[in-house]
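Here is a friendly briefing on aromatic rings and their surroundings. Please have a look at the model first.

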Amino acid sequence: TGIIRRHPTGAFPAAPEPQTSFIPQAAPPPLPQRQPPVTRQSPLAASATATVSIISGWATAVIATSLISGWWGTDELFCIAIGFLTAVSAAATIGGLISLLLRQRIGRLLIVVGSVVALMIFAGLFVAGADLPQLVYGIPILPVAAITLALLPATGRWCR
């Protein structure tokens, strides 16, 4: 500890600065960049797509739940398949809705996938020959409408 001193004991030798001919100047102000014009897209098509997709997903889940509870005692494998398709449809539709409302392009694709899987569920109902109320035969219009709305050019412009 005796080697380290707190205060310097002598003056530091001054080194002369070399002379230069370079004198720094202020940088020129940056040129204003042209921004592309901001276009406000109407959220009407995206809102309609989201609304129809929510209603379609709800109706699909209700029908699938009713089918599973009614057929579980007679055909468990069919009910497991319908349950799996319902889970895939719900996951794709919910993910697509969130992505669509966040203006991401993948949202449209996910809504289409979820609606196609919902149509597969309804095809399974009709192929199985289930005794269904007349209203159920009209419900496949909802996934078709969701697909149509998701593929509209206005919905695509919303996602850009």
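**Aromatic rings and a buried serine**

At 40% relative accessibility, Tyr137 counts as partly exposed, a class between buried (under 20% relative accessible area) and exposed (over 50%), using a 1.4 Å probe and protein chains only. This is a predicted model, where local features need pLDDT of at least 70, side-chain atom pairs count only at pLDDT 80 or more, and totals for chains, interfaces and linings use all residues. Residues are numbered from 1 along each chain as its sequence is written, and side-chain values use heavy atoms, leaving out hydrogens and water.

Ring pairs

- Rings of Phe, Tyr and Trp (its six-membered ring) pair if their centres lie within 6.5 Å; planes under 30 degrees apart are stacked, over 60 edge-to-face, and the rest tilted.
- By this rule there are two aromatic pairs.
- Trp71 and Phe78 make a tilted pair, 5.4 Å centre to centre with 40° between the planes.
- Trp71 is partly exposed at 23%, while Phe78 is buried at 18%.
- Phe126 and Tyr137 are stacked, because their ring centres are 5.2 Å apart and their planes at 15°.
- Phe126 sits in helix H3 (residues 106-128) and Tyr137 in the loop between H3 and helix H4 (141-150), so the pair ties together parts eleven residues apart in sequence.
- Helices are DSSP runs (H or I, at least four residues), numbered from the N terminus.

Ser89

- Ser89 belongs to helix H2 (residues 76-101) and is buried, with a relative accessible area of 5%.
- Neighbours within four places in sequence aside, Ser89 contacts Gly114, Val117 and Ala118 (heavy atoms within 4.5 Å).

How values were computed: Helix = DSSP H or I, 4+ residues; strand = E, 2+ residues; numbered from the N terminus.
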